[in-house]
Amino acid sequence: MSPDQPISLADELARRDDDQLLDLLQSRPDLASPPPPGVEVLAQRAMSAASINRCGEDLDLLAVAVLETIAALGSRSEQARGLSPVSTDAIVEALSERAAPDAIRARIDNLVDLALLWGPPDALVTGPHMAAAWPWRSRLATAPVNALSLAEIRAKIDALGDRERDLLSTLASGPGLGRTRDAGLGPDSDRPVPRLVHQGLLLVVDEQTVELPVVIGQLIRGEDPAEPFELRPPELSGGGGRKVGLAEVDAAAGGEALEFLRHSADAIETLGAHPAAVLRAGGMGVREIRRLAKALSVDEKRVGLVIEVLAGLRLIDSGFPVPDPSDGLEPSWAPTTSVDSWSHQAPERRWFSIASGWLDLHRRPWQIGGRTPDGTLIGALVGAMPEGAARAERLLVLQALAEAKPGADVTPVALGRHIAWRHPRWLRRMPQSTIIETLAEAQSLGLVAHGALTSAGRELIATGTPDEVEAATVAAMAKSIPAPIDFFLAQADLTVTAPGPLTPELAADLALVADLESGGAASVYRVSESSVRRALDAGRTGTELMTLFTSHSKTPVPQSLSYLIDDVARKHGQLRVGVASTFIRCEDPTTLAAVLNSPVAEQLSLRALAPTVAVCDDPIIDVLDILRAGGFAPAGEDSAGELVDLRTRGARLPTPRERRASARKPSLSSPARDRLAAVVTHMRSQDAANAATLTAAGAGGSSVTGGGLPATALLQTALANKQSVRLGYVNAEGFASKHVVVPRMIGAGQVIALDPGSNDEHRFSLHRITSVEIVD
């Protein structure tokens with residue numbers, strides 16, 4: 001190599017030690033799959049457009065500006081060799097007014113570590129496909145429009161004519177690229193594209209393609225971008241409102257988490273009692289969404305989020321539930337059998353499954369009710385909406401919030417600017433509206449409160465094994481959720497106030513005898529005649545209900561409440577329904593006579609067996625429902641005359657076995673360092689094998705191509721003379737490689753040899769050896 005010729009990437013990688021190569025393979029895991037046979041192949045992969053494009057996903061705006069500056073400073077001499085060398089000082093000087101010199105040098109060092117740049121500091125070079133690391137086809141950070149301030153850019157946009165502005169609006173609503181024959185016309189043309197190009201409001205990609213600068217699109221859409229000239233990282237500033245601490249953030253999030261759990265449980269119960277029909281196109285219809293919204297007393301947007309998360313966890317699914325309301329004619333949305341075990345878990349564990357399910361969800365629930373670019377209505381639980389980017393968007397938002405100080409209130413505008421600087425490729429993929437909607441969903445689940453990421457949210461996105469993340473997240477949410485209480489306040493207006501979350505047992509007992517009027521941190525229930533009758537139907541007695549209120553109410557039990565319970569209990573159960581097929585008995589002959597003389601008797605085909613006993617052929621559940629609809633108050637009993645709880649559990653579907661992959665597992669995960677160490681060792685071995693020189697024939701050297709007896713004979717010679725050999729070998733997967741080893745033993749169809757560099761023992765099958773060479 002001549003002194004003026006730039007160093008090649010292969011030579012640069014060959015000079016790195018093993019730890020530096022391990023760092024490179026961990027940063028760019030695609031280079032290690034499959035293991036490269038030497039640094040020459042590793043360098044070719046590192047310079048390929050596909051690998052550089054993947055690496056560009058993790059570059060921030062300043063790193064992109066460094067690459068664009070190199071493209072601007074380096075003149076193309078030979079197309080195959082890319083750009084001419086550029087010094088570090090020239091790059092720093094070009095960007096010194098837009099970023100700190102130390103930050104620029106740090107980015108250059110990082111790009112060198114990533115093998116995107118190489119060479120000495122005064123002659124850095126790059127490959128011919130380095131533009132693949134740019135976020136867009138044209139320059140982003142060093143575009144001419146970025147030299148202007150936002151005010152100057154707005155003034156240029158405001159001065160445009162209708163044709164030019166309509167063109168910019170069309171490009172801003174899409175990917176930003178446009179195909180036109182006007183791209184190559186001069187500025188004197190009366191066409192809008194050349195005039196916009198001349199003003200720097202459009203960038204020319206080639207003779208027939210133009211691209212809209214990102215900052216222009218943001219302003220056209222009404223967003224609030226950062227100053228385009230500035231390359232320093234934007235601050236995650238607060239909203240300027242009331243300052244809150246992390247404890248207050250966690251407390252607010254705990255309340256939101258409990259509220260979401262309550263709405264989830266109500267949705268499961270409602271779908272269990274009345275499964276929702278599946279549309280022909282799949283999904284759940286608007287009418288069913290409205291029914292659920294009315295039952296849960298929430299808006300339709302909240303229902304969409306709840307059912308999407310529940311469906312993602314397979315707590316609800318479509319199919320033919322048991323019992324099936326359609327008698328097997330149409331599939332329905334109903335709870336699965338997983339609900340029964342999930343509902344008995346602690347609140348913090350149920351919340352962890354909800355939060356993890358939302359984070360891993362392929363769909364965007366906030367889009368329900370909107371329309372796709374082709375005008376198709378986006379429905380709930382419809383298979384056409386899933387996008388892999390939805391999961392990455394949530395991680396980007398939460399990870400950006402995690403970089404702020406704990407408890408700091410971060411506005412959506414500041415968050416959007418930070419994401420745009422840290423991940424410039426997401427500038428067009430993730431508009432401001434997506435950030436706002438994602439934050440709203442995270443707040444509904446209790447991951448974000450007061451504009452700050454909660455302690456549980458930080459643990460959820462932390463690194464670690466799945467078990468470690470779950471344990472830390474559950475522990476953090478357990479501290480955020482208020483401790484359950486075992487008391488309430490009974491009021492004279494028949495309302496019961498729970499000033500905090502009740503214990504599971506007390507909550508179930510109170511929900512049985514009273515109807516929830518308003519949820520939240522302090523819930524309000526109302527006791528009515530129908531709610532008391534519901535508790536009595538479930539097998540409770542009037543005495544047990546009075547004991548519930550007297551033992552758990554911090555206030556004296558109001559007289560109106562005790563009168564209501566006594567009055568309903570006295571009337572309740574005068575009619576007793578049992579299994580005969582079904583029998584009806586009553587100690588008061590007059591009451592049974594009234595039943596037999598009512599329309600109910602004909603509907604049930606009642607037959608009187610005695611003045612106090614009648615029977616029918618209908619199931620006991622139907623008899624109870626019909627008698628209650630007829631104005632009577634029957635109670636169910638077993639064969640021993642004891643009251644029984646005949647409430648239905650609700651419809652259930654079998655739980656599907658498949659589970660969706662986690663959003664936190666990238667498509668190409670970084671292998672463990674010990675596995676990458678084996679890759680580096682393999683590369684070193686291949687380089688040594690390729691560099692070994694064949695022993696001269698006069699000194700007894702020889703070589704054999706192919707296996708069989710000639711190869712075995714040459715191996716025996718090397719074994720006897722303790723000489724090194726270079727083996728050509730094909731493994732069971734068909735992967736060809738070369739190895740320089742010293743034979744130690746030959747037998748049983750194998751060669752046992754030592755690596756002369758590490759003394760590691762290797763075994764080679766004789767029938768897979770393709771060549772043998774005795775080397776120095």
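This is a dialogue on how to read several features of one predicted model.

Reader: What should I know about the numbering and the model before I start?

Author: Residues are numbered from 1 along each chain as its sequence is written, and side-chain values use heavy atoms, with hydrogens and water left out. Since this is a predicted model, local features need pLDDT of at least 70 and side-chain atom pairs count only at pLDDT 80 or more, while totals for chains, interfaces and linings use all residues.

Reader: Which domains does the domain assignment give?

Author: Domain bounds come from an automatic or database domain assignment. Here that assignment gives domain 1 (9-132), domain 2 (147-221), domain 3 (246-480), domain 4 (489-571), domain 5 (582-630) and domain 6 (701-774). Taken over C-alpha atoms, the centres of domain 1 and domain 2 are separated by 31 Å.

Reader: How do I read a sheet, and in what order do the strands of the six-stranded one come?

Author: Helices (H or I, at least four residues) and strands (E, at least two) are DSSP runs, numbered from the N terminus, and two strands pair if DSSP finds at least two bridges between them. In this structure six strands form an open sheet in the order β20-β25-β21-β22-β23-β24, with antiparallel pairing. Its edge strands, each pairing on one side only, are β20 (703-705) and β24 (761-765). From one strand to the next the twist averages 40°.

Reader: How many bridges join β20 to β25, and how many join β21 to β25?

Author: Three bridges join β20 to β25, and the bridge partner of Val704 in β25 is Val772. Six bridges join β21 to β25, where Tyr729 has Ile769 of β25 as its bridge partner. On another pairing, strand β21 (residues 724-730) and strand β22 (residues 736-747) are antiparallel over six bridges, and Val730 has Ala736 of β22 as its bridge partner.

Reader: Why is β25 described as largely enclosed by the rest of the structure?

Author: A residue is buried at under 20% relative accessible area, exposed at over 50% and partly exposed in between (1.4 Å probe, protein chains only). Six of the seven residues of β25 are buried, so β25 is largely enclosed by the rest of the structure.

Reader: Which helix lies across β20, β21, β22, β23 and β25?

Author: For such angles, axes are lines fitted to C-alpha atoms, for helices over the stretch in contact, and angles run from 0 to 180 degrees between N-to-C directions; contact means heavy atoms within 4.5 Å. Helix α30 (residues 709-721) lies across β20, β21, β22, β23 (750-754) and β25 (769-775), and runs at about 65° to β22.

Reader: In what order do the strands of the three-stranded sheet come, and which helix packs on that sheet?

Author: The three strands form an open sheet in the order β6-β8-β7, again with antiparallel pairing, and the edge strands are β6 (276-277) and β7 (316-319). Strand β8 (residues 332-335) pairs with β6 over two bridges, with Ala276 opposite Trp333, and pairs with β7 over four bridges, with Ile316 opposite Pro335. Helix α12 (residues 246-273) packs on this sheet, touching β6, β7 and β8, and its direction makes about 125° with that of β8.

Reader: How should I read a nonpolar core, and how many residues has the largest one?

Author: In soluble globular proteins, nonpolar side chains tend to be buried together. A nonpolar core is a set of buried Ala, Val, Leu, Ile, Met, Phe, Trp, Tyr and Cys residues joined through side-chain atoms within 4.5 Å. The largest here has 62 residues, and those with the most contacts inside it include Ile307, Trp351 and Trp358. Helix α14 (residues 300-312) gives the largest share of this core, seven residues. A second, separate core of 35 residues includes Ala63, Leu124, Trp136 and Leu427.

Reader: How many disulfides does the structure hold?

Author: A disulfide is a covalent bond between the sulfur atoms of two cysteines, taken here as a pair of cysteine sulfur atoms within 2.5 Å. The structure holds zero disulfides. The closest cysteine sulfur to that of Cys586 is in Cys616, 15 Å away, which is too far for a bond.
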